[in-house]
Amino acid sequence: MSVVMLSPEEKASLEQVTSDAILTPIARRAQALLWLADGKSLSDVAKSLAVSRQTVYSWIESFQQRRRDSDIVTSLRDKPRSGRPP
């Protein structure tokens with residue numbers, strides 16, 4: 001069973017994001033979700049994107065919390081943080 005379940009509409013939107021934005025943080029998160037939905041292991045996804053497993057878990061959690069309240073791209077963005085902007 002995959003870690004992430006996506007509707008056909010969500011999958012199409014995520015595929016659009018990955019084709020439009022090469023190596024942006026949003027595209028990396030979208031690609032991670034697509035791979036997970038296709039059954040790729042969390043460890044393999046983390047390794048492929050050169051991030052920790054915890055990072056991928058955080059992306060999943062953030063996406064699942066925000067996906068019902070906003071569009072796909074908004075649900076993939078970083079949460080607002082305090083402090084100096086990058």
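Colleague: What makes the span of α2 close to the one expected?

Modeller: In this predicted model, α2 has 13 residues and runs 18 Å from its first C-alpha to its last. The expected span is 1.5 Å times one less than the number of residues, which for α2 is 18 Å. The two values are therefore close.

Colleague: Which residues of α2 are buried, and what comes after the helix?

Modeller: I26, A27, R29, A30, A32, L33, L34 and L36 are buried in α2. Buried means under 20% relative accessible area, so each of these residues falls below that cut-off. The helix is followed by G39, which has a positive phi near 100°.

Colleague: Why is A50 called exposed?

Modeller: A50 has a relative accessible area of 71%. Exposed means over 50%, so A50 is exposed. A50 sits in the loop between α3 (42-49) and α4 (53-66).

Colleague: What makes the phi of A50 worth a remark?

Modeller: The phi of A50 is positive, about 55°, and A50 is not a glycine. Most residues other than glycine have a negative phi.

Colleague: Which residues have the most contacts inside the largest nonpolar core, and which elements give two or more residues to that core?

Modeller: The core has 19 residues, and those with the most contacts inside it are L14, L33, L36, V56, I60 and L76. The elements giving two or more residues are α1 (8-20), α2 (25-37), α3, α4 and α5 (72-76). α2 gives the most, with 6 residues.

Colleague: What does L76 touch beyond its neighbours within four places in sequence?

Modeller: L76 is in contact with L14, V17, I26, R29, A30, L33 and F63. Contact means heavy atoms within 4.5 Å, so each of these residues meets that limit with L76.

Colleague: Which residues line the largest pocket?

Modeller: The lining consists of R29, L33, S58, W59, S62, F63, S75, L76, R77, D78, K79 and R81. The elements that give two or more residues to this lining are α2, α4 and α5. α4 gives the most, with 4 residues. The pocket holds about 160 Å³ of space.

How values were computed. Residues numbered from 1 in each chain as written. Predicted model: local features only at pLDDT ≥ 70, side-chain atom pairs only at ≥ 80, totals over all residues. Heavy atoms only, no water. Buried < 20%, exposed > 50% of the residue type's maximum accessible area, 1.4 Å probe, protein only. Core = buried A, V, L, I, M, F, W, Y, C linked by side-chain atoms within 4.5 Å. 1 Å grid on protein atoms, 1.4 Å probe; cavity = no way out; pocket = protein on both sides within 12 Å on 5 of 7 lines; lining within 4 Å. Points joined across faces, edges and corners; volume = space filled by probe spheres on them.
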